[in-house]
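Subject: Structure for your review

Dear colleague,

Please find the structure below, together with its sequence.

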Amino acid sequence: MVDLIIVGGTRRERSKTLLQRLEGGAGRRWLVAVPCGLPHDMPDGIHGIGLNDLDGALDAAGRVRSGDTLAVESVDYWAMGASEPIPNPDNNPNVARWNAMAVTAARKRARFRHAMQALPDGVTVMMTASTLDSAARLLGAFPMGVSRIGCERLDLDRRIAFRPGMAA
């Protein structure tokens, strides 16, 4: 199987398409859905890493073997750097604690990206991103072991798929 990047549409449409493609994946199948949470209708046989489980995502990346399929939700999330603002959804008054948690999360995302670069040969990687441009920019600035041009790219907005090597 060839690596895949799914872009466009809503986050829910991207997630649903990713899960459909993952069902047909080879070997053990892994879904890292940290920023989005696991779907309620997740099929049997897929190892899922759920909402905010950054340690679980790191563990999963270390357990993937050649012949497995790894699906990763939201390149946009994983490529967020330490300087990017992370919203404080609970309006936590302890700003120092919130900032410390944000820095820790940024470090764990960086470790996950490095783990992605070290995946063994033969692993199929599937990802979602908001747009093809953001995927190209983010994967160029924050490599995750996947070449945008070397992937099949599926654009849900334009209802078009680009084979590996094709210009968008």
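In what follows, two residues are said to meet, or to be in contact, when heavy atoms lie within 4.5 Å. Please also bear in mind that this is a predicted model.

I begin with the sheet. Seven strands form an open sheet with mixed pairing, and their order is S3-S2-S4-S5-S1-S6-S7. Strand S3 (46–49) and S7 are the edge strands, each of which pairs on one side only. On average, neighbouring strands of this sheet are turned by 15° against each other, direction ignored. Within the sheet, S1 and S6 pair in the parallel sense, over four bridges; Val 7, for example, has Asp 155 in S6 as its bridge partner.

Next, helix H2 (residues 54–63). This helix lies across strand S2 (29–32) and S3, and runs at about 155° to S2. Leu 54, Gly 56, Ala 57, Leu 58, Ala 60 and Ala 61 of H2 are buried, and what covers the buried residues of H2 includes S2, S3, H3 and H4.

The crossing in which H2 passes H4 is left-handed. From H2, the residues Leu 54, Asp 55, Ala 57, Leu 58 and Ala 61 take part in the contact, and in H4 they meet Ala 105, Lys 108, Arg 109, Arg 111, Phe 112 and Ala 115.

Finally, helix H5 (residues 132–141) has Leu 132, Ser 134, Ala 135, Leu 138 and Leu 139 as its buried residues. Viewed down the axis of H5, these fall within an arc of 155°, so they line one face of the helix. In general, an α-helix has 3.6 residues a turn, so residues three or four places apart point the same way. Asp 133, Arg 137, Gly 140 and Ala 141, on the other side of H5, are exposed.

Which elements do the buried residues of H5 pack against? They pack against strand S1 (4–7), helix H3 (75–78), strand S5 (124–128), strand S6 (152–155) and strand S7 (160–162). H5 itself lies across S1, S5, S6 and S7, and its direction is at about 130° to S1.

With kind regards

Methods. Residues are numbered from 1 along each chain as its sequence is written. This is a predicted model: local features need pLDDT of at least 70, side-chain atom pairs count only at pLDDT 80 or more; totals for chains, interfaces and linings use all residues. Side-chain values use heavy atoms; hydrogens and water are left out. Buried means under 20% relative accessible area, exposed over 50%, partly exposed in between (1.4 Å probe, protein chains only). Helices (H or I, at least four residues) and strands (E, at least two) are DSSP runs, numbered from the N terminus. The arc is that of the directions from the helix axis to the C-beta atoms. Two strands pair if DSSP finds at least two bridges between them. Axes are lines fitted to C-alpha atoms, for helices over the stretch in contact, and angles run from 0 to 180 degrees between N-to-C directions. A crossing is left-handed if the near helix is turned anticlockwise from the far one by less than a right angle, and right-handed if clockwise.
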